[in-house]
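Subject: Structure handover and notes

Dear colleague,

I am passing on the structure below, together with some notes on what I found when going through it. Please read the notes with the structure open beside them.

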Amino acid sequence: MATNQIAQVIAFICGLIVIALMLMALASTDWLMSAGWRQGLFVHCIAEHAPTPLPFNIPDPPDCYQARPVAYIRVAAALCVLTLVTDLIATLLTGLGLRSNDHRTKYKYYRVAVYIMILSLVSILVALVVYPVCFAAELNQGNRTVWEFGWAYGVGWGAAIFLFGGVVLLLCDKESEEIYYKERKIVHRDVEGSGGRA
């Protein structure tokens, strides 16, 4: 493998890790937890013998239910889905760039991939900030004194870290590709010039 492809391979692996992390975060109900209560992006669960009154004065018996129709939960869920989809596209483009033998096509794939991965990074960061900030605004309706963010919220931050790494690797390599193309173009012109004189 060429040295100039190592950064893209690592960025591709980062993209794959983000896909796995986002699937776990989206499927989990452990974004926010308190005594007998677990809240995810699409579902909240009430445990058996959960202390009453339940958070947000929900009257339901113990079980799992569709997430509360609150704007910040829907926004965070939509942004996390956007993160998953955009990262999937960026990872696919990075993979296509790795497979391509044409340097110009390879460069185009990487350039588009980095922009899409930046969008993915911004989406997850906004979701991870909006979720706790907006939850804090409704804390007085929580009917609990102790709240904690679960492992799924932490997984979201893990995805953001890997996305940041992928973006940095693709951006750094974009600069080295530009230098490579300029050097190649100059060498190619010199060869043509000397061939014309001979």
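A residue is called buried when its relative accessible area is under 20%, exposed when that area is over 50%, and partly exposed in between, with a 1.4 Å probe and protein chains only. By that definition I118, at a relative accessible area of 32%, is partly exposed, and its place is in helix α3.

Before going further, please note that this is a predicted model, in which local features need pLDDT of at least 70 and side-chain atom pairs count only at pLDDT 80 or more, while totals for chains, interfaces and linings use all residues. Residues are numbered from 1 along each chain as its sequence is written, and side-chain values use heavy atoms, with hydrogens and water left out.

Overall layout

The protein chain has four helices and five strands, where helices (H or I, at least four residues) and strands (E, at least two) are DSSP runs numbered from the N terminus. Read from the N terminus, these elements follow the order α-β-β-β-β-α-α-β-α, and of the 198 residues in the protein chain, 43% are buried.

Helix α1 and the annotated spans

Helix α1 covers residues 6–27, and its 22 residues reach 32 Å from the first C-alpha to the last, close to the 32 Å expected at 1.5 Å a residue (the expected span being 1.5 Å times one less than the number of residues). Among the buried residues of α1 are A7, A11, C14, V18 and M22. The unreviewed UniProt entry annotates residues 7–27, 71–98, 110–131 and 151–172 as "transmembrane region", although such annotations may be inferred rather than shown by experiment, and feature names are shortened and positions given in the numbering used here. In the model, residues 7–27 are 100% helix and 0% strand, with end C-alpha atoms 30 Å apart, and residues 110–131 are likewise 100% helix and 0% strand, with their end C-alpha atoms 31 Å apart.

The disulfide

The structure holds one disulfide, meaning a pair of cysteine sulfur atoms within 2.5 Å, and this disulfide joins C45 to C64 with an S to S distance of 2.0 Å. The pair links distant parts of the chain, since C45 is in strand β3 (residues 43–46) and C64 is in strand β4 (residues 63–66), 19 residues apart. The torsion about the S-S bond is about 105°, so the disulfide is right-handed. C45 counts as buried at 4% relative accessibility, whereas C64 counts as partly exposed at 39%.

Salt bridges

Two salt bridges are counted, each being a side-chain nitrogen of Lys or Arg within 4 Å of a carboxyl oxygen of Asp or Glu. In one of them the side chains of R38 and D30 meet at 3.7 Å, N to O; R38 is partly exposed at 33% relative accessibility, while D30 is buried at 13%. R68 forms a salt bridge with E138, with the closest N and O atoms 2.7 Å apart. This pair links distant parts of the chain, as R68 lies in the loop between β4 and α2 (71–99) and E138 in the loop between α3 and β5, 70 residues apart. R68 is buried at 9% relative accessibility, and E138 is buried with a relative accessible area of 9%.

With kind regards
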